[in-house]
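Hi,

Here is the structure I promised to pass on. Have a look at it first, and then read my notes below.

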Amino acid sequence: MKGLTDNPSYIVEILESGLTLEDVIDDHIYEQTLMEKSAFVVADLGALMRQHACWQRVVPRLQPYFPVKFNSSPVVIEVLSSLGLGFVCTSKAEVNLVLEHGVAPENIILSGVCKQLAHIKNAAKNNIQHLVFENEAELSKISRLHPNAKLLLQLTTEAHAAETSMAFGSSLKSCRHLLEAAKKQGVQVVGVTFHIPSSCQELQQAYTHALSDARCVFDMGIDLGFNMNILDIGGGFTGSEYQLRQVESAIRPLLDSYFPPLSGVQLVAQSGSFYVSSAFRLAVNVIAKKVLSHHWDHLTHGEKNEDTEFLYHMNEGVYGPFSLKLLGNTISAPSVHKHLLCADEEVYPSSLWGPSMDQLDQVVERCLLPELSVGDWLLFSNMGACSLDENNGLSSSPQIPVYYTVSTADWLGMQDAGVTLDNGMKIFSSVPYRV
């Protein structure tokens, strides 16, 4: 998680029997009522284990590689590394981060189709061999600065092209030329990578085209004498087991046909937010409130009618942990801390905004919530793939603290799975106050 890499220390709170994540949230909300009411994140490390078990159960042939850009928290890297995941890095800083936490160079892919020279040099220096390329200019840079690299050719897909206005990856008709150029420059190409976004509605069609194209490129590479042995089917995994099973259903017969187990091809997938999303929960405070109505002239002070809407400002927005909203992602509506909605309680159309007063700083455009008061706390789930950048001057807090927790049972399971953590552990045994 961005914003944590400059301060790699952390403490993991082991929850005594009977205590829950909600108890931890209650405790830290109480602390904040005595201080500045700053936003904070609570992470459940047990969720990483559960997602890993789900991955192994549903898609056992796919070796998960975690893209560090989704969450660069040191504790996440340590846990996922202990579970045997590889890592996809897009920069020198990300490479150095995972190396510092004991990840072997052979378990790192330097991705990105337009890499800085310093990043390629750093990969060569640290014996990171697997790099991605999509065009001849990138191939020339790599052949000059990292001639021992083992390259993955990035293929474009129709689904990916439909999601972005920029074209990423090489078309199938350009691949033969790129492979011949690699052969001429003496650089090894060992596989193919592509990406199907999670927003894709026609998974079967998208993966059919992509895997068919990948098979063609493998055959071209083998024909030119390359040892083609890695297929990376990219990301697009939301964190939902249902969606993971949909992907598995789409790819299983295709993989069995194009890349059967006896082919010896290593199958890789970039797990994206799958592992981390559900593990992190963000608590923010309501700092301002406006009442909106289409019939102001009919209302007296304190009255509300069926057209009443509420606009709330929170102490964090899109220039902080909700930055994915600026990239077109949807932020799900939050729950209200310690609020049990009664069957007859009124809810109102509400919009949630950050603190900047910028017209872009709208976190949730419309949701139904009970009437809130300034000082109330909102809890956003599935925030493990969001940015908490401490260098963002528009965020109301310099760095959002993250409190790592794990239940006693999950901690014992993590130890059995070989997970070790370098930093301090403490017992979370009680909460001083119940809000």
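To start, where is Met357 found? Met357 sits in the loop between strand S14 (348–353) and strand S15 (362–369). Before going further, a word on the ground rules: this is a predicted model, in which local features need pLDDT of at least 70 and side-chain atom pairs count only at pLDDT 80 or more, while totals for chains, interfaces and linings use all residues. Residues are numbered from 1 along each chain as its sequence is written, and side-chain values use heavy atoms, with hydrogens and water left out.

The H and S labels are DSSP runs numbered from the N terminus: helices are H or I with at least four residues, and strands are E with at least two.

Met357 counts as exposed, at 62% relative accessibility. (Buried means under 20% relative accessible area, exposed over 50%, and partly exposed in between, using a 1.4 Å probe and protein chains only.) Asn382 also has a positive phi, near 55°, and is a residue other than glycine. You'll find Asn382 in the loop between strand S16 (377–380) and strand S17 (402–407). With a relative accessible area of 47%, Asn382 is partly exposed.

Thr405 is buried, with a relative accessible area of 1%. Leaving aside neighbours within four places in sequence, Thr405 is in contact (heavy atoms within 4.5 Å) with residues including Val12, Leu21, Val42 and Gly46.

Ser143 lies in helix H6 and counts as buried at 16% relative accessibility. With neighbours within four places in sequence left aside, Ser143 is in contact with Gln185 and Val187. Ser143 and Gln188 are 45 residues apart in sequence and 9.3 Å apart in space, C-alpha to C-alpha.

Helices that meet

Two packed helices are described by the angle between their axes and the distance between the axes. Here the axes are lines fitted to C-alpha atoms over the stretch in contact, and angles run from 0 to 180 degrees between N-to-C directions.

Helix H5 (residues 117–125) and helix H6 (residues 136–145) have axes that come within 10 Å and cross at roughly 40°. H5 and H6 are therefore oblique to each other; under 35 degrees counts as roughly parallel, over 145 as roughly antiparallel, 65 to 115 as roughly perpendicular, and the rest as oblique. On the H5 side the contact is made by Leu117, Ile120, Lys121 and Ala124, and on the H6 side by Glu138, Lys141, Ile142, Arg144 and Leu145.

The axes of helix H2 (residues 45–58) and helix H10 (residues 241–258) also come within 10 Å, and cross at roughly 25°. That makes H2 roughly parallel to H10. H2 brings Cys54, Trp55, Arg57 and Val58 to the contact, and H10 brings Glu241, Leu244, Arg245 and Glu248.

One more helix

How far apart are the end C-alpha atoms of helix H9 (residues 203–223)? They are 30 Å apart, which agrees with the 30 Å that its 21 residues should span at 1.5 Å a residue. (The expected span is 1.5 Å times one less than the number of residues.) Among the buried residues of H9 are Leu203, Tyr207, Arg215 and Phe218. H9 is followed by Gly225, with a positive phi near 95°.

Happy browsing!
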